[in-house]
Amino acid sequence: MPAEWEPHSATWVGWPGNPETWPGCLAEAEAEFEYLVATLATSEHVEILVQSTEHQRYVAARLGDLVATGRTRLHVLPSDDVWLRDIGPTFVESGGEIAAVDWDFNAWGGKYPPWDRDDAVAEQIADLCAVEHLRAGFVCEGGAIDSDGEGTLLATEPTLIDPLRNPRHERVDIERSLSELLGVRRIVWLAEGIEGDDTDGHIDDFARFVAPGRVVCAQEADPGSPNHARLEDCSARLRGTRDAAGRVLEVIDLPMPEPHSCEAGPLPASHANFYIANSCVLVPVFGGDSDERALEILKPLFPGRRILGIPCNTLVRGLGAVHCLTQQQPLGNRLSATTVRTECP
């Protein structure tokens, strides 16, 4: 599994369209998402899933020149929701050949039925990309894992070692399968995620590789916050860990934003839910004091890339943000941005 900072041929996303995900604020979520897509398209090709031919016309009209110039492409591929990090494939590479790992998907432990169309998305994207399709045979979501591209994987226990996801798989079975499918030799297991995360603790909300041997970890300064002890534990685990190459991990603190909530409860707002594109890093921002500090901390970690804030006050009401909505397609020797077939399935 290549690291996210390795070259991409494209990024896959799905256009928001489910009013149950963004109740009463879908239009505002679409506006933030459109800004995300327009920013991302300055860095690389963006492949966008839409729900129908009618939806395709609607999105094409909104994006205008981004579609006309080929910087974005629209694919009619119906899904139950648009969290491509979790429902899309995890692309892997071997000797320049790309394959698509298709995890079983059951809506984060059966929380949001139905999910049959979501579970079919990864195979359909693999077909569009004309790459080998590898069915994993157990539940894993892309937001639950993070790779350094050199054999080390960050993963969270509650989202993989979970009787609602993998009742017939022990930890040793999951570790063996992750090692075989992703080419990893060292799995660093972390525990609880941040408050408000309905996935039970995805890694991409609090701990991320930014280079081999280097991890950013979200930190909550308020000792009264439920996130304070959780993130202190995460940081402690990381600081005492060696990666697959034997390096002691360098851990860099990243501030948490001010707490965000809605009628249903706390929201998983986090600057750690950033996406590393070819020429920029898209960082969720929420209009608070932590925005500028987070961007300044990340800037020296990604030399040669622009660090860009993406407003996510509404997107996070759907319980996700930039990284949750994106899935990178790495650049292999055989695969380029022009090999993705343009016809709709």
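This report describes the sheets, helix packing, nonpolar cores and selected backbone features of a predicted model.

Strand 5 (residues 97–104) pairs with strand 6 in the parallel sense, over five bridges. Within this sheet, alanine 99 stands opposite glutamate 132 of strand 6.

## Sheet 7-8-9

A further open sheet of three strands has the order 7-8-9, again with mixed pairing. Its edges are formed by strand 7 (145–147) and strand 9 (186–190), each of which pairs on one side only. Here the twist averages 20 degrees from one strand to the next.

Strand 8 (residues 152–156) and strand 9 run parallel and are joined by five bridges. Alanine 155 has tryptophan 189, in strand 9, as its bridge partner. Two helices can be described against this sheet. Helix 8 (residues 171–182) lies across strand 7, strand 8 and strand 9, at about 130 degrees to strand 9. Helix 9 (residues 226–239) lies across strand 8 and strand 9, and its angle to strand 9 is about 155 degrees.

## Nonpolar cores

The largest nonpolar core has 53 residues, of which Ile48 and Ile125 touch the most other members. The element that gives the most to this core is helix 1 (residues 26–40), with six residues. Apart from this core lies another, of 35 residues, which includes Val188, Ile194, Val285 and Ala294.

Isoleucine 125 touches Trp12, Leu49, Leu77, Leu84, Pro89 and Phe91, when residues up to four places away in sequence are not counted. Trp12 also takes part in a polar contact: its side chain and that of glutamine 329 are joined at 2.6 Å. Glutamine 329 lies in strand 18 (residues 327–330). Its relative accessible area is 0%, so glutamine 329 is buried.

## Packing of helix 1 on helix 2

Helix 1 packs against helix 2 (residues 53–63) at an angle of about 65 degrees, and the two axes are 11 Å apart. The crossing of helix 1 past helix 2 is right-handed.

On the helix 1 side, the contact is made by Glu30, Ala31, Glu34 and Val37; on the helix 2 side, by Tyr58, Arg62 and Leu63.

## Backbone features in loops

The peptide bond from proline 113 to proline 114 is cis, with omega near -5 degrees. Proline 114 is in the loop between helix 5 (107–110) and helix 6.

Two residues other than glycine are noted here for a positive phi. Alanine 130 has phi near 60 degrees and lies in the loop between helix 6 and strand 6. With a relative accessible area of 48%, alanine 130 is partly exposed. Leucine 319 has a phi of about 75 degrees and is found in the loop between strand 17 (306–311) and helix 11 (322–325). Leucine 319 is also partly exposed, its relative accessible area being 22%.

Conventions:
Residues numbered from 1 in each chain as written. Predicted model: local features only at pLDDT ≥ 70, side-chain atom pairs only at ≥ 80, totals over all residues. Heavy atoms only, no water. Helix = DSSP H or I, 4+ residues; strand = E, 2+ residues; numbered from the N terminus. Buried < 20%, exposed > 50% of the residue type's maximum accessible area, 1.4 Å probe, protein only. Polar contact = N/O pair within 3.5 Å; in protein donor to acceptor, adjacent residues only side chain to side chain. Core = buried A, V, L, I, M, F, W, Y, C linked by side-chain atoms within 4.5 Å. Contact = heavy atoms within 4.5 Å. Pairing = 2+ DSSP bridges. Axes fitted to C-alpha atoms, helices over the stretch in contact; angles between N-to-C directions. Left-handed = near helix turned anticlockwise from the far one by under 90°.
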